[in-house]
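Here are my notes on the model, point by point. Please read them with the coordinates open.

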Amino acid sequence: MEEVLVVKNIKKTFKLSKKQQKLQGSNETYKVAVNDLSFNLYKGEIYGLLGPNGAGKTTTLRIIATLIKADSGDVFVNGYDIKKEADKIRKCIGFLTSDLKLEGFFTPNYLYDFFSDLHNVDKDIARTRKERLFKKFGIDKFAEVKVENLSSGMKQKVSLVISIVHDPEIIIFDEPTNGLDVLTARLVMDFLLELKNEGKTILLSTHIFSLVERICDRVGIIINGKMVCSDKLEELIADKSLEDVFFDIYKNEMEGKDL
Amino acid sequence: MKNILTIMKKEFARFFKDKRMVFAVLILPGLLIFLVYSFLGTNITKQLGEDTTKTATVYLVEPVPVGIEDGLNNLPNMEIKKASENDKIDDLLDKIKNKKIDIVMQFTTASDNKPDISIYYNSSNTTSMNAYTTINAMLEAMQHVELFHVNANSNTIYDVVDQKEAFGSIFGMFLPFLIITLMFSSCMSIAPESIAGEKDRGTIATLLVTPIKRSELAIGKVLSLSVLAMLCALSSFIGTVLSLPRLINQEIVDSSMKFEFSYQLTDYLLLLLIIVSTLLVLIGLISVISSYAKSVKEATTLIAPLMILTMVIGILSMFNTNSGSKNVGLYFIPIFNSLLAMGDIFAFNIALGPMLITIFSNLVYASLIIYLVTIMFKSEKVMFGR
């Protein structure tokens, strides 16, 4: 199988301000967010990253999306080295996280066109795609409403659509169903499967076990910045539920035991 | 280049689609300046008009017609002197121009045997102007106007003011300071919102995950902000220009004077180049601070010292006696060089060397600053870490 994403031994440390130390109840001046983490993605699969809050999932995704740099280790996306060809990597990935916001002053219509321009998408293709995606997510009725006046669910849908204006090969979603009602969450889940069927590769970070069980081919579990487990879903869970497996792994990890 | 234009278009759309912002940034400053300066100007003119206590020196070139000298001697705050045979009329006029004396009255006989009275004065000298008005009033009161021709020769210039120099030096002194203040406030009203605001709202990260180069983002932001700041400064400038006649002297609008100190097209072009290059430097500096700040509020706070520094430099430039090519080194100092160059243009004292040094050094500084903004956009510590 073709590897489209390779993450090798990446490490990321953040310096903590005094305020952050206070918030975390720690005297440590540095926090290791990601520690010697490695995994890979094959073309056309959906890979789910699971882990508790602060485990390092979002930091890992931000490194892959070229927003921040790893202190050490390597990342290759579609064969491009992140250290040398970040611009090329940004062309072939679509990235969505709650940290990325849309300017509330603009309408979904304007923002879609703006980001299509930045991604150098042909105008006709962009228009056709916009019509299809807006209709699919029910954005078409609100296309000329300022983003700041949209509901949080609609904002999330607009963000999702805009993150894939350029029809990327690799899609990286951080908590894509966060804050969505059940109907919209289902719509997003179906859309992810649709993208997979189109041959896209998806890296997903979520807390929702049911979502992973339904759509992911492989799963990685991150705890305290380390990848403690990365395997095919069916081999990982066997006859248990993913939730049970996760808690077993988490418990063992915290007790310092091997699985 | 395409990405730079896309970023610029978005910045323009962000600005021009917001009617409140367009009103607050483009229309309100010019309107306020016009109203405030017009009000100030009217009151200043009024106050200056009342200043009649200073004694005016009036020279009479003989022969003086009977009754005139007595009438003049009875006028308040006036010292009447008779010109000697050695005093040439041109020398006396020079003295009026240099404000050493205030009035010269020359009496000659016209072809209809009515005496011609030529009253020379200097309109840029308040004492001279007051004396001129008083003498005219006296002649009317004595009903001698019908007996004399007063300033009747249309080919003679009775107001000996060096208009170009007078107005040039006034404009050269305070207009550059005014312009730099307007430019700075314009830059400050839009740049922090565009850069620190995007960081604050989390929208900059959305841009940073697109294939656009950080340098394109930096250039696009700085260029569009410069254009917007220029429009904003233009509004203030129009307000200033419209109110200038009232601010300096109501009589500037009078007759031929406006033609005698008008600026040429090349002056305006040079001024435009100086303004554009200065705006790039100012927007660049404010963009650096806005990139460093994590919120609009922090950016505004951090920009305050730069604003004070700019004001201090502006005030210093008002007292600077350097002009033209006396000390070209000063034209390499950012902001100060623009103030000097604009002062030279307004004072009709243009030397090409200092102008070119100012424009090119500003462009070099702006390029370096844009490079710095690019580095800051690349830095995760600056963009996300603080």
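1. A definition to begin with: two strands pair if DSSP finds at least two bridges between them. In chain B, strand 1 (residues 56–61) and strand 2 are joined by five bridges and run parallel. One residue to look up is B:Y59, whose bridge partner in strand 2 is B:K81. Bear in mind that this is a predicted model.

2. Now the whole sheet. In chain B, five strands make an open sheet with mixed pairing, ordered 2-1-3-4-5. Strand 2 (78–82) and strand 5 (149–150) of chain B are the edges, each pairing on one side only. Helix 4 (residues 89–97) of chain B packs on this sheet. Helix 4 touches strand 1, strand 3 (103–109) and strand 4 (115–120) of chain B, and its direction makes about 150° with that of strand 3.

3. Next, the interface. Chain B and chain A each bring 26 residues to the contact. About 2,400 Å² is buried between chain B and chain A, 62% of it from carbon and sulfur atoms. On the chain B side, B:V209, B:P211 and B:E380 lose the most area, together 27% of what that side buries.

4. Polar links deserve a check. Four salt bridges cross the interface of chain B and chain A. One of them joins the side chains of B:R201 and A:E103, at 3.3 Å from N to O. Nine residue pairs are in polar contact between chain B and chain A.

5. Which element of chain B gives the most to the side that touches chain A? Helix 1 of chain B does, with eight residues. By class, that side of chain B holds nine nonpolar, six polar and 11 charged residues.

Key
Residues numbered from 1 in each chain as written. Chains lettered and ligands numbered in written order. Predicted model: local features only at pLDDT ≥ 70, side-chain atom pairs only at ≥ 80, totals over all residues. Heavy atoms only, no water. Contact = heavy atoms within 4.5 Å. Buried area = accessible area lost by both parts, 1.4 Å probe. Polar contact = N/O pair within 3.5 Å; in protein donor to acceptor, adjacent residues only side chain to side chain. Helix = DSSP H or I, 4+ residues; strand = E, 2+ residues; numbered from the N terminus. Nonpolar A, V, L, I, M, F, W, Y, C, P; charged D, E, K, R; others polar. Axes fitted to C-alpha atoms, helices over the stretch in contact; angles between N-to-C directions.
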